[in-house]
Amino acid sequence: MTDQEVIALINRTLCEEFELDPETMHPGVTLYDELELDSLDAVDMVVALEQAFQIRIREEERMRQIRTLGEIHAYVLEKYHALAS
Amino acid sequence: MQRVAITGIGIVSCLGSDLSTVEKALQEGRSGIVVDPRRIELGFRSPLTGTISDCDLSLLSRKQRKSMPDFAQWAYVAATDALKMAGLSAEEIRNPRCGLIFGCDSSCLAAVEQVDQLRRAEETHGIGSGLIFRSMTSTITMNLNTLLQTQGACWSLSSACSSGGHAVGQAAELIAGGRQDVVICGGAQEINPESMCSFDALGAFSARITDPEAACRPFDRGRDGLVPSGGAAGIVLENFDRARRRGAPILGEVLGYGFSSDGEALSVPSRTGLSRAMQMALAQAGISAPQVDYVCAHATSTPAGDFAEAVNLHRVFSDDGPWVSSLKGMVGHELWMAGAAQIVYASLMARSGFIAPNRNYAEPDPEMPPLRIARTAIDRGPRTVLCNSAGFGGTNAALVVRFRV
């Protein structure tokens, strides 16, 4: 997958999991304020992304610091490339 | 003591998921019992069950459904239908004087799913956020509380197959004692095979597989076991004076609630326990047995249970009793939901002017004391109704309701 394809799959996964409007999925959008996700959603976001990309996300402290969709994109891309290499 | 009005009802049952469909089915004596092929594959002794097929759950978002097992979603549908009938807006119930009490004694499928996931993955990580809330016995009231945002009583009550009856009774007590103005109450029951397998193992289910609609035969001589079923019943109970002041539709009035326990056996009901609950309910209602004109019986179609209820009914009503019917010949045994569903069904009968039949009652059991069983629908609505429910361990609930006919 290209980076754009990875980002598209992240957005699609989150839109489906949390019934989000695809129009709102720009990198600067904040997860908890603007998309109105909560701490329980964060648990399910990790599970959904792990299943979509067959990756393991275990850095809970780093996940807790993520605030925007763009930061999710960067984090998953990093994991995806590490797995590919 | 405050008077307690019924101002709204809602139901999701194997007869239908809206009041008019269920009302028509009750009047016609229709059965909602089917054979579930999956139970045959799983090695059940009996694949007979009630089933819910047409409940529209689209009013809940995916996020909301994530923490709700199917029966809690059905309970939400039933509760919102009841609130709509009562004419209570979201704003009017968002205060500490409005509460929730539902009967529920398990949430089995969610408990199985979480352990399945753990054993498969050998870690908890992938279980996700929903299963903890789906697997708790209080799942109905905890979820409805966040959806409806009531701020008063909020708990689920567990007493096996009398859970729904006790939930309605306790809700009525809170209003009668002046501690709540409105309580949305009821009961709900899951239907999946996982939740029924250990009950099937007791050999308590009917084996009349070739004729599902004739399988559940309360009080009939040929009864051979119950048929498990489920769904959800929702009832709005309200302080009578308050309901009248705001011009709410008053369907009826809860006059009395009686409770008792057998103090005897796990699975065999006693000859006196249920009658003590009935007598307590009649005493609180301030009426005598001859003033009851219909008993909505608990009878599930088991040999011992129906016999015990007949003996208990005879202790209260002697030989000249009121009309009796158990609706389980149509809806099966709705278990945790049953006692609350009876209030909804009886309200529908009163509203439309009929007494629903005891389906499949063909031949009296010569061992039983005589009962005045309604073999077919009676063309006259019940005014004063006694609803019985009884559960494993010998826990009994009786409710006396007076309808406006």
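For residues 1-80 of chain A, UniProt lists "domain: Carrier", in an unreviewed entry. UniProt positions are given here in the numbering used for this model, feature names are shortened, and annotations may be inferred rather than shown by experiment.

Before I continue, two remarks on the source. This is a predicted model, in which local features need pLDDT of at least 70, side-chain atom pairs count only at pLDDT 80 or more, and totals for chains, interfaces and linings use all residues. Residues are numbered from 1 along each chain as its sequence is written, while chains are lettered from A and ligands numbered from 1 in the order in which they are written.

Let us stay with chain A. Chain A has 4 helices and 0 strands; helices (H or I, at least four residues) and strands (E, at least two) are DSSP runs, numbered from the N terminus. Along the sequence, the pattern of chain A reads α-α-α-α. The mean pLDDT, the predictor's confidence in each residue from 0 to 100, is 93 for chain A, and 100% of its residues reach 70 or more. Which element of chain A has the lowest mean pLDDT? That is helix α3 (residues 60-65) of chain A, with 84, whereas helix α1 (residues 3-18) of chain A has the highest, 96.

Taken along the principal axes, the C-alpha atoms of chain A fill a box of roughly 35 × 25 × 20 Å. The radius of gyration is taken over C-alpha atoms, and the globule rule is 2.2 Å times the number of residues to the power 0.38. For 85 residues, a compact globule would have a radius of gyration near 12 Å, and the 12 Å of chain A agrees. Of these 85 residues, 14% count as buried. A residue is buried if 20 or more other C-beta atoms lie within 10 Å of its own, exposed if 12 or fewer, and partly exposed in between, with C-beta atoms placed from the backbone.

I now turn to chain B. For residues 1-403 of chain B, UniProt lists "domain: Ketosynthase family 3 (KS3)", again in an unreviewed entry. The end C-alpha atoms of this span lie 19 Å apart, and the span is 36% helix and 19% strand. Chain B has 15 helices and 13 strands. Its radius of gyration is 20 Å, close to the 22 Å that the globule rule gives for 405 residues, so chain B is as compact as a globular protein of that length. Of the 405 residues of chain B, 59% count as buried. The mean pLDDT of chain B is 97, and 100% of its residues reach 70 or more.

Next, the interior. A nonpolar core is a set of buried Ala, Val, Leu, Ile, Met, Phe, Trp, Tyr and Cys residues joined through C-beta atoms within 7 Å. The largest such core has 118 residues, and those with the most contacts inside it include B:A75, B:A188 and B:L399. Helix α4 (residues 70-86) of chain B gives the most to this core, with 12 residues. Apart from it lies another core, of 10 residues, among them A:I7, A:L31, A:L49 and A:L69. In soluble globular proteins, nonpolar side chains tend to be buried together.

Some single residues deserve a look. Is B:D36 buried or exposed? With 21 C-beta neighbours inside 10 Å, B:D36 counts as buried. B:D36 lies in the loop between β2 (33-35) and α2 (37-42) of chain B.

Most residues other than glycine have a negative phi. The phi of B:S318, however, is near 55°, a positive value in a residue other than glycine. With 12 C-beta neighbours inside 10 Å, B:S318 counts as exposed. Phi of B:N360 is near 75°, also positive in a residue other than glycine, and with 25 C-beta neighbours inside 10 Å, B:N360 counts as buried.

Finally, how many residues does each chain bring to the contact? Chain B brings 6 residues and chain A brings 6 residues; two residues are in contact if their C-beta atoms, placed from the backbone, lie within 7 Å. The side of chain B that touches chain A has no nonpolar, 4 polar and 2 charged residues. Here Ala, Val, Leu, Ile, Met, Phe, Trp, Tyr, Cys and Pro count as nonpolar, Asp, Glu, Lys and Arg as charged, and the others, Gly among them, as polar. For the complex, the predictor gives an ipTM of 0.88 and a pTM of 0.96.
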